[in-house]
Amino acid sequence: MQKSSPLITKYDLLGIGLLIHIAFFISASWTKWFNYFFSGSSLHLCCRGLDFYSVPNGAYSFWYGGPLSVTDQTTTHLYGVGFPAVNPNINHPVLTLTVGSFLILFSPAASFYVWMFVKLFVNLAVLTYFFISFRHSKYVYMATFLSLINSTQYLEIEISQFQFVLNTMLFLMLIVLAKNEKSPLGSLFYFLTLIGKPIGLLWIPVFFFKRQWKMLLIGLGLFGIATGIFLFNHSGDYYINNLRDNFFTPNRAGPIQIFTLDALLRYSTPLPESVLTAIKYCSLALVIILSAFKRISLQTGIFLAIAYYLLFYDMTFEYHYTTLIPILAVCLVTRPEFQQLSSRICIILISLPNVMFLLHLLYSWHFKLGPFDATTTMKMDPFLGPDPTVLGWQLCVLSRIVPVILLAICVVKPFIIPTIKDTLAFMKTVRKLNQEHQIPD
């Protein structure tokens, strides 16, 4: 009997993914098809370019002898003249000057879209490199498809964010390390992730326990040099000040744009600050301890560190979840714990939109079911656009963080019992040696 062909082949899957990915850019630059899936505040409907112009503004100011972080209130040398008030620059001086100097070659209006479409071509180039590198994996088609259609990247594209730099360098670093953990390119890409955003500092324990000492030394050394150069004339002080503030000054931001477990617990439960702090630091300690065990791979350790950052960093916006795209793609083609059915289901859920689109739809229908009233989950602001209420925000955050938490549990679960057994065996051996050498416990 002839075997029937599948309804959708793996090649069809790539084609659909590519069409959706291109549709993200068409929507962001023109049609706004996908805006329905997100809140007005996250789309910056009130002030397009709020974050984007901070980088070309900084570069433009610098070349005129001004500081690297400016607003329309602090400089006369402003690149984005005529645009809404822009946030001050918090990006690394190297990123500001390299990317910003390129963008100011174009008009302020055009540069927004130039950066948007640079992302399209670079994304496709990196995904092609990823596909070719792991073409023999049975999961490469699924990994590539999910990378193309991951919904959180639409936000990053639509507001022309610079999270793209971190994500691209992380993707390249992970591909290189998966192919050869001792590759010198790993150090270069690690350094460049830190230039993109310094969340790579959270990976230091992972790299240390996985004996990536050379990569740590070179990557951190280059980052220190690249940062230190701008401290001699104090042009990089804004960057160091921002880093210090993030490390030592808690930001208690919450509804409606912060997408973290920490914010959800803080604004939705009666838990005291001491308990929230304990949860945060115990989670970090758990990630570090797990990374120390040989059974936890380098890639899994990095995933756990990224998950911790997304769940507990004070200022995690939804577009920050794009950082999961490269780590999930590489883990899916290299790590058995990510290939089990439960993990793949979680990865699919992570790639899909949060429930905002459903709230939007139910709100328009004035849907009610028992105590649930959809009209209490959203509000229509004439300036900010459609935004969730606190209840709507809670539902959106839950739909975003629960798959991440479940995936972390799924990938760690196979190693828990063996790790406990290894630890008990190690403790037993140490105790036996102490007794033999008459060393008190």
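The model is predicted, with local features needing pLDDT of at least 70 and side-chain atom pairs pLDDT 80 or more, while totals for chains, interfaces and linings use all residues. Residues are numbered from 1 along each chain as its sequence is written, and side-chain values use heavy atoms, with hydrogens and water left out.

**Helix 1 and His-21**

- His-21 sits in helix 1 (residues 10–31); helices are DSSP runs of H or I with at least four residues, numbered from the N terminus.
- His-21 counts as buried because its relative accessibility is 0% (buried means under 20% relative accessible area, 1.4 Å probe, protein chains only).
- A polar atom of the His-21 side chain lies 3.0 Å from the backbone oxygen of Leu-148.
- Beyond its neighbours within four places in sequence, His-21 contacts Leu-120, Asn-123, Leu-124, Leu-148 and Gln-153 (contact: heavy atoms within 4.5 Å).
- The buried residues of helix 1, among them Leu-14, Gly-17 and Phe-24, pack against helix 4 (108–133), helix 5 (140–149) and helix 6 (152–158).
- Lys-32, which follows helix 1, has a positive phi near 65°.

**Helices 14 and 15**

- Helix 14 (residues 298–312) packs on helix 15 (residues 324–334) at about 150°, with the axes 10 Å apart; axes are lines fitted to C-alpha atoms over the stretch in contact, and angles run from 0 to 180 degrees between N-to-C directions.
- The pair is therefore roughly antiparallel (angles over 145 degrees).
- Contact residues include Ile-302, Phe-303 and Ile-306 of helix 14 and Ile-327, Leu-328 and Cys-331 of helix 15.

Key: Helices (H or I, at least four residues) and strands (E, at least two) are DSSP runs, numbered from the N terminus. Angles under 35 degrees count as roughly parallel, over 145 as roughly antiparallel, 65 to 115 as roughly perpendicular and the rest as oblique. Buried means under 20% relative accessible area, exposed over 50%, partly exposed in between (1.4 Å probe, protein chains only). A polar contact is a pair of N or O atoms within 3.5 Å; within protein, one must be able to donate a hydrogen and the other to accept it, and residues adjacent in sequence count only if both atoms are side-chain atoms.
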